Amino acid sequence: EEDYRFGDFEVAIPKLEALHRQYPQDATIVQYLTDSYTVLERFNDALSLYGKWLLNAVDKYGESARFAWLGMSNVLLKLQKKEAALHSLEQWVTYHPDDYVASTMYGGLLVRSQRYEEANKIWRRIVAEAGSSDQDKAAAYYFQSLYAYLQGDLKMQKHFAEASLKSDPEGGYSALSKKLLTARPSRVLGFHVNFSLEQLYTSNVGLLPDFQLPVGNKKKTDMVTQINATLSHNFTGFSLAYLFSEGFHATRKDLNMAYHSVYGMWRYDGWSLSPRYEFVQLGGIHLFQSLGGDIGWSHDAWRVVYGLRAKQFNRNYNGSDLTHLNGLSNSLNISKGWSLDGLQLMGLGEISDETTVGNVLVGKSDSYRQFRLGGQVIWPINQWILSLSEQSYLRRYRMAPPGAIQAVRRDVHHQLQGKMTWRGEQDGAWRVSLHLGGQRNSSNDMTKSYNEWRTGLEAQM
């Protein structure tokens with residue numbers, strides 16, 4: 001015991017193991033031994049011992065078994081087995097709802113698993129119980145504030161953060177609660193208007209849709225004014241929005257592209273469902289419309305989104321029938337975020353498939369499959385944000401046009417962009433961004449190969 005108390009666990013373990021063999025159900029010996037295993041990161045040994053002891057315990061849900069259930073949960077977390085840790089804590093809390101320390105641990109794990117509604121029931125119970133301590137209440141109020149933050153309820157977020165600080169002003173959750181007093185959620189309940197205006201210069205305006213041919217003797221450089229506006233209303237668990245975006249060219253007005261979208265989004269326990277209608281104009285003329293949606297799933301820093309669109313093109317676009325481009329668009333996007341020494345990192349991969357109905361002249365030569373990889377680095381510095389992003393994709397078309405001599409078209413595309421943003425407040429809505437970027441498309445169809453670079457200044461509110 002002296003070796004254990006003085007922290008000499010290497011020496012203590014053989015002695016404790018010998019005692020455990022002699023007295024296998026002695027809770028004190030098991031607790032000392034599992035603690036020693038845990039300190040020395042022998043997590044599997046600790047987990048095995050907890051399990052065996054509980055299996056043979058006379059009353060495995062009695063007070064004397066508390067150390068084993070909580071210790072086992074801690075070890076399972078060390079082994080990255082969060083669901084098993086949740087199950088362990090759930091069993092204990094079910095029999096001991098008045099164990100507020102264990103309840104706080106359990107609720108925290110539910111939050112990390114994005115099971116917010118279940119976690120919030122625990123916090124409400126803790127603050128309502130007369131037997132819970134000020135420290136217990138401070139923890140519960142903090143997590144209620146965090147839940148309100150995730151829901152976008154700014155009023156309740158501040159209310160619960162203040163309650164946490166009032167319950168335990170200098171406790172373990174005080175620093176986190178102080179941050180929540182001023183933090184602004186990315187999604188705030190209520191009605192919102194977002195607007196951005198961007199003025200940019202492009203070196204190559206002739207990045208035409210595939211159904212248009214290059215126009216000779218046209219100037220390639222141009223100035224573009226890009227307007228983006230969103231009207232949205234965020235409810236608890238649901239959002240409804242209208243998005244408008246249009247780029248106005250100084251000289252090539254025939255390339256002005258307008259995008260309209262009406263969409264909703266439901267969110268529940270890491271899942272999201274977003275039905276969407278889109279309407280697109282090119283040069284002031286209806287180009288196509290689409291109906292579809294996205295379904296997403298988030299867990300920790302992972303996000304998976306599947307998108308489906310049914311597209312219908314204009315039968316008379318400047319005298320051309322574009323209905324051969326009608327079809328379905330599918331995409332599967334997987335992304336992962338990291339934090340590293342103040343940097344925010346993100347990587348993504350995407351597989352998409354565009355299937356068109358075609359016609360006798362072009363067949364289904366506009367159908368393709370695309371593989372995309374990308375990454376982004378974001379570096380916040382007080383009121384400044386620096387970011388760098390890169391995306392590359394390989395696009396392979398299904399077939400060449402009927403009777404064509406050339407091979408099936410294949411494109412390799414690279415895009416790089418750097419951005420420097422100033423925020424009026426560290427979490428404010430006013431932003432001014434300066435960005436510079438470029439893209440290159442290499443195709444075995446030489447009419448579809450191009451280079452472009454652009455720079456612009458954008459203001460957001």
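Here are a few exercises, with worked solutions, on the structure above.

The model is predicted, so local features need pLDDT of at least 70 and side-chain atom pairs count only at pLDDT 80 or more, whereas totals for chains, interfaces and linings use all residues. Residues are numbered from 1 along each chain as its sequence is written, and side-chain values use heavy atoms, leaving out hydrogens and water.

**Exercise 1. Find how helices H4 and H5 are placed relative to each other.**

Step 1: Locate H4 at residues 43-56 and H5 at residues 66-78. Helices (H or I, at least four residues) and strands (E, at least two) are DSSP runs, numbered from the N terminus.

Step 2: Look at the axes, which come within 9 Å and cross at roughly 150°. Axes are lines fitted to C-alpha atoms, for helices over the stretch in contact, and angles run from 0 to 180 degrees between N-to-C directions.

Step 3: Name the arrangement. H4 and H5 are therefore roughly antiparallel to each other; angles under 35 degrees count as roughly parallel, over 145 as roughly antiparallel, 65 to 115 as roughly perpendicular and the rest as oblique.

Step 4: List who takes part. Phe 43, Ala 46, Leu 47, Tyr 50, Trp 53 and Leu 54 of H4 make the contact with Phe 67, Ala 68, Trp 69, Gly 71, Met 72, Val 75, Leu 76 and Lys 78 of H5. Contact means heavy atoms within 4.5 Å.

**Exercise 2. Describe the loop residue Leu 79.**

Step 1: Leu 79 sits in the loop between H5 and helix H6 (82-95).

Step 2: Its relative accessible area is 21%, so Leu 79 is partly exposed. Buried means under 20% relative accessible area, exposed over 50%, and partly exposed in between (1.4 Å probe, protein chains only).

Step 3: Setting aside neighbours within four places in sequence, Leu 79 is in contact with Phe 43, Asn 44 and Leu 47.

**Exercise 3. Work out how H7 and H8 are arranged.**

Step 1: The axes of H7 (residues 100-112) and H8 (residues 116-128) come within 8 Å and cross at roughly 155°.

Step 2: H7 and H8 are therefore roughly antiparallel to each other.

**Exercise 4. Trace strand E5 and its partners.**

Step 1: Follow the side chains along E5 (residues 271-282).

Step 2: On one side, 10 bridges join E5 to the antiparallel strand E4 (residues 257-268). Two strands pair if DSSP finds at least two bridges between them. Tyr 268 stands opposite Trp 271 in E5.

Step 3: Strand E6 (residues 285-299) is joined to E5 by 12 bridges, and these strands run antiparallel. Here Gln 281 stands opposite His 286 in E6.

Step 4: Check the turns. Asp 269, in the two-residue turn of the E4 and E5 hairpin, has a positive phi of about 45°, and Gly 283 in the hairpin of E5 and E6 takes a positive phi near 65°.

**Exercise 5. Identify the surroundings of Phe 195.**

Step 1: Phe 195 lies in strand E1 (residues 190-202).

Step 2: Phe 195 has a relative accessible area of 35%, so this residue is partly exposed.

Step 3: Not counting residues up to four places away in sequence, Phe 195 touches Ile 227, Asn 228, Ala 229, Ala 459, Gln 460 and Met 461.
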